[in-house]
Amino acid sequence: MEHTYEELSTMTVAQLRKIAKETDHEAVRGYSTMHKEHLLPAVCQALGIDDHAHHEAVGINKTRIKQKIRELKVKRDAALEAHDHAKLKETRREIRSLKRKIRKAILTGTH
């Protein structure tokens, strides 16, 4: 049976222990005495699931924005070396703006 992190995180400790009981893995040894905050990562490790939530950026091209941020970081470093404070400020603001755009798309599902 396939599980996701989101599904596992909503389960009760009893349900997680049942899954751990069915799994023969070193990470879930002692599952009967574990609390949820220790049991959840152990079960995720035993099942080979990333033990964190993945966020979807809806309505934007996250890859293109991150590429633009990397390009801007190169410009920022060049402006820093050249002591061009105006260009530095402009570049930092643009990086911040793009990062906020990504965060907004992840949290609200809009851009």
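Q: What pattern does the protein chain follow, read along the sequence?

A: Helices (H or I, at least four residues) and strands (E, at least two) are DSSP runs, numbered from the N terminus. Here the protein chain reads α-α-α-α-α, with 5 helices and 0 strands. Bear in mind that this is a predicted model, where local features need pLDDT of at least 70, side-chain atom pairs count only at pLDDT 80 or more, and totals for chains, interfaces and linings use all residues. Residues are numbered from 1 along each chain as its sequence is written, and side-chain values use heavy atoms, with hydrogens and water left out.

Q: How many of the residues count as buried?

A: Buried means under 20% relative accessible area, exposed over 50%, and partly exposed in between (1.4 Å probe, protein chains only). In the protein chain, 26% of the 111 residues count as buried.

Q: Where is I95 found, and is I95 buried or exposed?

A: I95 lies in helix α5, residues 85–108. I95 counts as buried because its relative accessibility is 6%.

Q: What does I95 touch?

A: Contact means heavy atoms within 4.5 Å. Skipping residues up to four places away in sequence, I95 touches I69, L72, K73 and R76. Look at L72 in particular: 23 residues separate L72 and I95 along the chain, while their C-alpha atoms are 6.6 Å apart.

Q: And where is the place of H3?

A: H3 is in the segment before α1 (5–9). With 12% relative accessibility, H3 counts as buried. Leaving out neighbours within four places in sequence, H3 is in contact with L8, M11, I19, L47 and I49.

Q: With which side chain does the side chain of H3 make a polar contact?

A: A polar contact is a pair of N or O atoms within 3.5 Å; within protein, one must be able to donate a hydrogen and the other to accept it, and residues adjacent in sequence count only if both atoms are side-chain atoms. For H3, the partner is the side chain of E7, at 2.9 Å.
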